[in-house]
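User: I am new to reading protein models. Could you take me through this one, feature by feature?

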Amino acid sequence: MYEPHTKVTEITDRELQLRYRKYLINTIIPKKHHLTEASFYGKPAVSSTRVEGDTAYLELAHELIDRHAAALQPQTSVPPQIQSA
């Protein structure tokens, strides 16, 4: 969960970007009180009411599905040009 405007978040984000940029996801899960409580009480994080944290988890799911689908697509490579003498 992402908590903006804190020094530790700034440092962590910078280090992650430097080391793992190509592996990072774009979706940010905001730190929200109701999400923490849901986990504690064994309730689902995503509810029928749309609030910021809930929609972020849905966006994350879509991003992961899209990445997986893209990874399954065959890579098309163009063969190198054959130069004639």
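User: Is Ile-28 buried, partly exposed or exposed?

Analyst: Start with the cut-offs: buried means under 20% relative accessible area, exposed over 50%, and partly exposed in between (1.4 Å probe, protein chains only). Ile-28 has 48% relative accessibility, so Ile-28 counts as partly exposed. Before we go on, note that this is a predicted model, where local features need pLDDT of at least 70, side-chain atom pairs count only at pLDDT 80 or more, and totals for chains, interfaces and linings use all residues. Residues are numbered from 1 along each chain as its sequence is written, and side-chain values use heavy atoms, with hydrogens and water left out.

User: Which helices and strands does the protein have?

Analyst: Helices (H or I, at least four residues) and strands (E, at least two) are DSSP runs, numbered from the N terminus. This protein has 3 helices and 0 strands. From the N terminus on, the order is α-α-α.

User: Where is Ile-28 found?

Analyst: Look at the loop between α1 (7-20) and α2 (33-40). Ile-28 is found there.

User: What is Ile-28 in contact with, leaving aside its neighbours within four places in sequence?

Analyst: Contact means heavy atoms within 4.5 Å. With those neighbours left aside, Ile-28 is in contact with Tyr-2 and Ala-56. Now compare sequence and space for another pair. Ile-28 and Leu-60 are 32 residues apart in sequence, and their C-alpha atoms are 7.9 Å apart in space. For the whole protein, take the contacts with a separation of 6 or more: residues 24 or more positions apart account for 55% of them.

User: Is Thr-27 buried or exposed?

Analyst: Thr-27 lies in the loop between α1 and α2. Its relative accessibility is 12%, so Thr-27 counts as buried. Leaving aside neighbours within four places in sequence, Thr-27 is in contact with Ala-56, Glu-59, Leu-60 and Glu-63.

User: What joins the side chains of Thr-27 and Glu-63?

Analyst: A polar contact is a pair of N or O atoms within 3.5 Å. Within protein, one atom must be able to donate a hydrogen and the other to accept it, and residues adjacent in sequence count only if both atoms are side-chain atoms. The side chains of Thr-27 and Glu-63 are joined by a polar contact of 2.5 Å.

User: How many salt bridges are there?

Analyst: A salt bridge is a side-chain nitrogen of Lys or Arg within 4 Å of a carboxyl oxygen of Asp or Glu. The count by this rule is 3 salt bridges. One of them joins Glu-63 to Arg-67, with the closest N and O atoms 3.6 Å apart. Glu-63 is buried at 13% relative accessibility, while Arg-67 is partly exposed at 34%.

User: Why are Glu-63 and Arg-67 separated by about one helical turn?

Analyst: Because they are 4 residues apart in helix α3 (residues 52-72).

User: How many residues does α3 have, and what does α3 reach from its first C-alpha to its last?

Analyst: The expected span of a helix is 1.5 Å times one less than its number of residues. Helix α3 has 21 residues and reaches 31 Å, close to the expected 30 Å.

User: Which residues are buried in α3?

Analyst: They are Gly-53, Asp-54, Ala-56, Leu-60 and Glu-63. The buried residues of α3 pack against α2.

User: What is the phi of His-5?

Analyst: Most residues other than glycine have a negative phi. His-5 is not a glycine, yet its phi is positive, about 65°. His-5 is found in the segment before α1, and is exposed at 82% relative accessibility.
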